[in-house]
Amino acid sequence: MNNLIRATARCLRSGAAVYLPRQTDGRVWSAASARFLCSAADIQKDLGEMVKKDKVVVFMKGTPAQPMCGFSNAVVQILRMHGVDEYAAYNVLEDQDLRQGVKDFSNWPTIPQVYFNGEFVGGCDILLQMHQNGDLVEELQKLGISSALLNAEKESK
């Protein structure tokens, strides 16, 4: 908590933008999910912490309840089909430093971006390909998440 307070003070002194994820579709983000992004080095450090905090992290345009682009919507729909409802989602449209910072962090030029256990998975195209070839079910199992599609297949037999 002291680090959070120090980072806040440093950001306010520097006049940097403050990024606070907002409440989405009834879920309340914990105070721990707030990140203060000041300089390029701080952004990279904060992004490293953000992607490791949750099993599944998505940087997207909009929110899961209201995606603001078709690719972000597709990622939300793929995760929903697999029954992945608990994940951290960060709206890059709220902060241009976050939007550029995540592209630099992953060395991937487009949004959305998906991370599993702190590891960059890819964007919409990669997640769609993983869904189509069955790799997503396996990757979710590695995270301790049982895909709803796998459960539905077992029930139909």
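Residues are numbered from 1 along each chain as its sequence is written, and side-chain values use heavy atoms, with hydrogens and water left out. Because the model is predicted, local features need pLDDT of at least 70 and side-chain atom pairs count only at pLDDT 80 or more, whereas totals for chains, interfaces and linings use all residues.

A disulfide is taken as a pair of cysteine sulfur atoms within 2.5 Å. By this rule the count is zero. For C69, the closest cysteine sulfur is that of C124, at 8.0 Å, which is too far for a bond. The closest cysteine sulfur to that of C124 is in turn the one in C69. C69 is buried (under 20% relative accessible area, with exposed over 50% and partly exposed in between; 1.4 Å probe, protein chains only), its value being 18%. C124 is also buried, with a relative accessible area of 11%.

S106 belongs to helix α4, residues 96-106; helices (H or I, at least four residues) and strands (E, at least two) are DSSP runs numbered from the N terminus. The relative accessible area of S106 is 16%, so this residue is buried. Polar contacts are pairs of N or O atoms within 3.5 Å; within protein, one must be able to donate a hydrogen and the other to accept it, and residues adjacent in sequence count only if both atoms are side-chain atoms. A polar atom of the S106 side chain lies 3.0 Å from the backbone oxygen of V102, and one lies 3.2 Å from the backbone nitrogen of W108. Leaving aside residues up to four places away in sequence, S106 touches Q113, Y115 and F120, contact meaning heavy atoms within 4.5 Å.
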